[in-house]
Amino acid sequence: MSLLNPGHRLFGRARELQQLRSLQGNDILIQATGLGGGFGLTSLARAFAAEKIGKFPDGFIEVNLGGDPRHPRPVPVVDIQRKILGLLAPELNRPEDPKSVRQHYRATLSNKHALLLLDDAVSTTQVHQLLP
């Protein structure tokens, strides 16, 4: 998993980073879709995550959802849920059928304080299916 060094300077995004800092609560969804790459949004999200990581004792997980418009390779949601389950609860026997995976995923995330950075989403539906 990659986080920016907390001392790393983020150029050209000071205003946006300050806006993110003003958000309250632990459940923050930042979404920008349809822009393509090269805007620095992943770097902005990583910089914000680096500042917040201390509030999430169960870890930080960054997942590329495969929605890069130049080379789209969407990752099925159930595969992402399995991957996150494996990282947050490796001791669990993970079921094969998608419905059970989804149930285990939601139950596991409801008991964890982990920071998820879901990058290169294909759609809002893909993101919402990964929220606890």
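The model is predicted, so local features need pLDDT of at least 70 and side-chain atom pairs count only at pLDDT 80 or more, while totals for chains, interfaces and linings use all residues. Residues are numbered from 1 along each chain as its sequence is written, and side-chain values use heavy atoms, with hydrogens and water left out.

Start with the strands. Helices (H or I, at least four residues) and strands (E, at least two) are DSSP runs, numbered from the N terminus. Strand β1 spans residues 60–64. Of its 5 residues, 4 are buried. Buried means under 20% relative accessible area, exposed means over 50%, and partly exposed lies in between (1.4 Å probe, protein chains only). Strand β2, residues 115–119, pairs with β1 in the parallel sense over 5 bridges. Two strands pair if DSSP finds at least two bridges between them. Phe60 stands opposite Leu115 in β2.

Next comes helix α2, residues 41–52. Its 12 residues reach 17 Å from first C-alpha to last, close to the 16 Å expected. That expected span is 1.5 Å times one less than the number of residues. Several α2 residues are buried: Leu44, Ala47, Phe48, Ala49, Ala50 and Lys52. Their cover includes α1 (14–21), β1 and β2. Cover here rests on contact, meaning heavy atoms within 4.5 Å.

Now look at α1. Its buried residues are Glu16, Leu17 and Leu20. They sit on the same side of α1, because they cover an arc of only 100° around the axis. The arc is that of the directions from the helix axis to the C-beta atoms. What covers these buried residues includes α2. The face turned away from the buried side of α1 carries the exposed residues Ala14 and Arg15.

What holds the largest nonpolar core? It has 15 residues, and those touching the most other members are Val63, Leu65, Ile80, Ile84, Tyr105, Leu118 and Leu130. The elements giving two or more residues to this core are β1, α3 (77–88) and α4. Helix α3 gives the most, with 6 residues. A nonpolar core is a set of buried Ala, Val, Leu, Ile, Met, Phe, Trp, Tyr and Cys residues joined through side-chain atoms within 4.5 Å. Leu118 touches Val63, Leu65, Val127 and Leu130, not counting residues up to four places away in sequence. A second, separate core has 5 residues, including Ala49, Phe56, Phe60 and Leu117.

Charged pairs come next. The structure holds 2 salt bridges. A salt bridge is a side-chain nitrogen of Lys or Arg within 4 Å of a carboxyl oxygen of Asp or Glu. In one, the side chains of Glu62 and Arg46 meet at 2.7 Å, N to O. This pair links distant parts of the chain: Glu62 is in β1 and Arg46 in α2, 16 residues apart. Glu62 is buried, at 12% relative accessible area. Arg46 is partly exposed, at 22%.

Asp79 forms a salt bridge with Arg82, with the closest N and O atoms 3.3 Å apart. Both lie in helix α3, 3 residues apart, so about one helical turn separates them. Asp79 is partly exposed at 37%, and Arg82 is partly exposed at 23%.

Finish at Arg102, in helix α4 (residues 98–110). Arg102 is partly exposed, with a relative accessible area of 37%. Arg102 and Arg82 are 20 residues apart in sequence and 8.7 Å apart in space, C-alpha to C-alpha.
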